[in-house]
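Trainee: I would like to learn how to read a sheet and a core. Could we go through one case together?

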Amino acid sequence: MTNAELTSLRSTAIPRGVPATAPVYAAKARNAVVTDVEGREYIDFAAGIGVMNVGHCHPKVVEAVKDQAALFSHTCFGLIGYESYLRLAEKLNQYAPGASAKRTFFVNSGAEAVENAVKVARYATGRKSIISFEDGFHGRTYMTLSLTSQVSPYKIGFGPYASDVYRIPYAYCYRCPLALSYPACGCECAGLLQNAFDKHVNAEDVAAVIAEAVQGEGGFIVPPPEYMGKIKKLCEDHGILLIADEIQTGIGRTGKWFAMEHWGVAPDIMTTAKALGAGFPLAGITGRQEIMDTVHPSGVGTTYGGNPVACRAGLAVFDIIETEGLLQRATVLGDRIRDRFKALQTQYPVIGDVRGIGGMAAMELVEDPGTKKPAGDFAKAFRSRLYENGVVNVGAGTFHNVVRFLVPLTIEDDTLAKGLDIVEETLAQVSKSFPGS
Ligand SMILES: Cc1ncc(COP(=O)(O)O)c(C=O)c1O
């Protein structure tokens with residue numbers, strides 16, 4: 001079937017609420033290139049939203065999955081166990097930041113991991129309140145949507161949301177919540193957590209603060225070096241657990257196994273998903289042993305969690321990152337992309353900010369660099385023209401004016417260069433329709 005025929009089928013088969021960025025349907029994918037049903041190739045600068053860190057159809061992943069599928073594809077780990085679940089838990093325990101002993105269990109999706117992290121944090125502390133951050137994203141189930149900050153499109157019409165959730169501004173330096181500038185500000189925004197304890201919720205009632213070290217959906221917002229340490233210290237002072245949501249940032253994406261390492265902070269609980277299973281649904285909750293072991297037997301679990309095929313894919317992911325030097329590669333790639341965007345920024349005032357860390361690179365688009373008014377229409381036109389020109393991309397930002405790039409960490413140099421040329425050409429094309437950009 002053609003893209004047009006599949007688009008027509010889509011309109012009669014599934015509801016309009018399911019996201020649709022472009023009328024393109026995949027036939028196959030290899031490393032950083034996706035081929036559609038009509039044979040057209042697209043350079044994948046989104047990696048399925050940070051999932052395909054090891055590229056599409058990496059031979060080691062394909063081999064592991066085929067082998068496992070032929071052995072057994074499901075037992076339910078709680079009924080009959082298997083080694084790959086244990087080995088993968090061991091890997092996460094080994095690489096999770098902090099020297100203390102860890103424990104991990106598996107579920108199916110990022111949102112489910114966050115749900116479980118909150119359950120464990122509440123159980124272990126006997127407290128009920130959770131604090132999250134503005135511009136943060138944690139999923140689309142009811143608890144995770146309650147923690148999520150962005151209203152459109154996620155929260156419109158779906159309430160009521162869970163109670164005992166409080167939200168504070170994040171260290172979004174480009175749009176500082178305190179209208180200050182780093183470093184002169186002394187990272188004062190970290191003190192907004194204390195402000196929440198004074199004005200919104202008794203600190204002794206708070207079970208956990210949940211943070212993405214680098215906000216993904218929020219637009220690759222990278223806080224200053226001292227920020228996370230300050231947040232962690234405030235948490236420790238009040239017996240509050242810090243949950244790191246590493247679902248988008250983890251598994252090598254930022255140039256370290258987990259983004260929190262950049263801030264030298266060891267979270268009490270950490271969630272992973274996305275790149276963990278190389279496209280096979282898999283998510284983990286990793287935490288300090290004494291916290292994780294508080295929950296009574298059978299207090300957590302799920303039918304499919306830690307599916308054996310997904311766990312074998314996950315073990316292949318660790319093997320590939322370790323043996324192919326992908327942590328270093330993430331930084332090389334991200335620097336190359338950001339350097340190119342910074343050069344473009346000198347020509348195109350619409351690029352208000354270029355930011356990211358490791359293999360996370362984004363541009364925030366503004367109508368005017370002085371007012372920083374979000375250029376949502378430009379971003380929309382730019383993103384769809386990028387698709388037309390053959391580059392898969394993903395948007396971000398509370399005002400939908402950020403374009404984020406999450407290339408597979410295995411992307412070849414020439415494919416990256418070709419994709420970046422298309423980004424530049426597309427910017428030139430779209431700018432013509434937006435005078436002054
Ligand atoms: C930081 C973060 N947390 C949670 C989620 C939710 O993950 P999932 O879509 O697998 O439920 C996402 C997904 O984008 C995410 O980026």
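Trainee: Which residue is the bridge partner of Gly-356 in β12?

Mentor: In this predicted model, Gly-356 is bridged to Ala-361 of β12. Strands of a sheet pair through backbone hydrogen bonds, in a parallel or an antiparallel sense. Here β11 and β12 (residues 360-365) are antiparallel, with six bridges between them.

Trainee: What is the order of the strands in the open sheet?

Mentor: The four strands run in the order β11-β12-β15-β14, and their pairing is antiparallel. On average, neighbouring strands are turned by 25 degrees against each other, direction ignored.

Trainee: Now the core. Which residues touch the most other members of the largest nonpolar core?

Mentor: They are Ala-121, Ala-208, Leu-241, Ala-313 and Val-317, in a core of 131 residues. Helix α10 (residues 308-323) gives the most to this core, 10 residues. Domain 1 (3-54 + 327-431) and domain 2 (61-323) each supply at least three residues.

Trainee: Which residues is Ala-208 in contact with, leaving aside neighbours within four places in sequence?

Mentor: Ala-208 is in contact with Val-118, Ala-121 and Ile-130, and also with Ile-240, Leu-241, Leu-242 and Ile-243.

Notes
Residues numbered from 1 in each chain as written. Predicted model: local features only at pLDDT ≥ 70, side-chain atom pairs only at ≥ 80, totals over all residues. Core = buried A, V, L, I, M, F, W, Y, C linked by C-beta atoms within 7 Å. Buried ≥ 20, exposed ≤ 12 C-beta atoms within 10 Å, placed from the backbone. Helix = DSSP H or I, 4+ residues; strand = E, 2+ residues; numbered from the N terminus. Domains from an automatic or database assignment. Contact = placed C-beta atoms within 7 Å. Pairing = 2+ DSSP bridges. Axes fitted to C-alpha atoms, helices over the stretch in contact; angles between N-to-C directions.
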